[in-house]
Amino acid sequence: MRFKLLRGDTILIIALAAAALFIIGLVVGLAVELYRGSAPSIVKFGPSFLIGSKWEPSRDLFGALPFIYGTLLTSAIAIVIGFPISLGVAVFISEKLKSHQTFGYLLGVIVDLLAAVPSVIYGLWGVFILIPFLRDYVEKPLHNSLGFIPLFSTTPFGYDFFTAGVILAIMIIPTMSAVTRDVLNVVPKSQREAMYSLGATDWEVTQKSVLPYARSGIFGAFVLGLGRAFGETMAVTMVIGNIPHITSNLFSPGATLSSLIANEFGESSGIYKSALIEIGLVLFFVALLINALARLLLWRMTRGTQAKF
Amino acid sequence: MEHRLSFERAGPMTKSNLPSSISLWRKIVNKLMTVLVIVAVILAVIPLVVILVDVFIKGGPAINIGFLIHLPTAPNLPGGGIANAIVGSFTMVGLASLISVPIGVGAGIFFSEWSSSKLSTISGFMNDVLTGFPSIVLGLFVFVIIVLTSKQFSAFAGGVALSFVMIPIIARTTDESLKLVPMTLREASMALGIPRWKTVLKVVISTGKNGLLSGILLSVARATGETAPLLLTAATSSYFAKSIFQPTASLTVLIYNYGTSPYATWQTQAWGAALVLILIMLGLNLLVKFTIGRSLTGNARMEM
């Protein structure tokens, strides 16, 4: 009898541990296989792959710099637009709506639904609705009035860094605001009450006592949003124009690491394909770094507050 | 609220003699920030409303019975449908579920029930990292291990790629929902002399099954909307695939291909397909939100 019981436990724990090990294996496998797939390109181009600014597959020139630049620029635009809005949404739900639970819950549902819309639908909407709108009502007026500033000096066609950044901002707001909201919710009530008892206004409580307390978690949400923006593929591919450029012109077409893979993978072969897989390897390490950082920050903030039995 | 209002009426309290204009200034800043926060909410919600409305307006006219049951036609020929893409999407998501549910649920149970073990900490951390991974990287991975080896784009490869998208989500939601099961239930079961494996399978899982199920449904929704991994693994096709080892069409890849094509008929069909896709997604999400998903905690929700 005793032996039988032990066996049941052993079988279960082995099966479950195998599943947990599978996840570690998956991350390790990703690194190993992507390295294997990109080995020809790594051997052939070496470090010049990362700093080369020319991408001309027909002439065997493969430099990833324009795509790294495009990824950084679009993510920066997305963060500049998206982060303040996300913070606002989170503050609104967790601080302003404390006495209106249902409304706060509904708003949370709406924001979560926004996160559930598939990337390719954002892309489709971007191509047919957002591009004409931004081009006619934002980019052209900016270009006409402020065209002497290098940022706005290219004649806008809509397929550009700026549009890609705006689409990314729309896409990362749900993630960032949901995480920030959860972080603000774990700030102890006493923290707010102490500030109120000093006669502070709502905003002063938020600014001086809630936000500073939650800063590492908010920074975690920020980094998580950045990670989403870095890896986002389809919507960006559809609106960015897919021409590698390193330029400060926001209205110039460009390309990102992920849009490059999505756009050119189908027509590539041989060393070209290997170079694209190496782009994926770059993306893998960047994503690994960003996500690990975000998780560490969030973990520091929320540790001990979750139900532990 | 009461005590604050009465306090503001009494004027500023800091260092006794500050002029009352500072109090006014503080009130203005307070109001201003409230307005800014509300503006942020409006800015965040507008795109959702606009996207949904646009998809319904532009996709609605494209949808009829023929659109749902016919095969695609060449551009600018009438009567094209998306039947093979619908079947392809369901096939691949089904395959992905077969792979990811056992692994994801298993890992989730391990994270929750053996949460103090080292393996649980490391794997749980990797799992969180994996959740935020660009899905196109997962697609590249499956391309290298399956498509390159079999020299064939296939629904099988697509399903495997989607399963890698689903596993971390299922594992995390399982973990979160099982952690909500009160410890006393486990103790009561153990006190009756029921072995641990039976306690886990019969007591813990059946108590937390709602959360578990909603996690699985949310991951299915997420996988249904994935494009990038399928682009690199299943490619596309204009016909029904004869087996899971052939290139297979999917709703998302079809939307991408049609939406970026120069043909008006295909563009209209892309909107139609987008409406079908969004109805599936919203259906799954709302089902989870308003029925079984209320028990999910914040951490599980934020993975979506």
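In the predicted model, helix 5 of chain A passes helix 6 of chain A in a right-handed crossing.

On the side of helix 5 of chain A, the contact is made by A:Tyr122, A:Gly126, A:Leu130, A:Ile131, A:Leu134 and A:Glu139. Helix 6 of chain A contributes A:Phe162, A:Thr163, A:Val166, A:Ile167, A:Ile170 and A:Met171. By class, the residues of this contact comprise nine nonpolar, two polar and one charged.

Helix 4 of chain A, formed by residues 101-116, has 16 residues. From its first C-alpha to its last, helix 4 of chain A reaches 22 Å, close to the 22 Å expected at 1.5 Å a residue. The buried residues of helix 4 of chain A are A:Leu107, A:Gly108, A:Val111, A:Asp112, A:Leu114, A:Ala115 and A:Ala116. In an α-helix, residues three or four places apart point the same way, because there are 3.6 residues a turn.

The contact between the chains takes 82 residues from chain A and 81 residues from chain B. Helix 1 of chain A (residues 2-45) gives the most to the side of chain A that touches chain B, with 20 residues. That side of chain A has 56 nonpolar, 16 polar and 10 charged residues.

Conventions: Residues are numbered from 1 along each chain as its sequence is written. Chains are lettered from A and ligands numbered from 1 in the order in which they are written. This is a predicted model: local features need pLDDT of at least 70, side-chain atom pairs count only at pLDDT 80 or more; totals for chains, interfaces and linings use all residues. A crossing is left-handed if the near helix is turned anticlockwise from the far one by less than a right angle, and right-handed if clockwise. Helices (H or I, at least four residues) and strands (E, at least two) are DSSP runs, numbered from the N terminus. Two residues are in contact if their C-beta atoms, placed from the backbone, lie within 7 Å. Ala, Val, Leu, Ile, Met, Phe, Trp, Tyr, Cys and Pro count as nonpolar, Asp, Glu, Lys and Arg as charged, and the others, Gly among them, as polar. The expected span of a helix is 1.5 Å times one less than its number of residues. A residue is buried if 20 or more other C-beta atoms lie within 10 Å of its own, exposed if 12 or fewer, and partly exposed in between; C-beta atoms are placed from the backbone.
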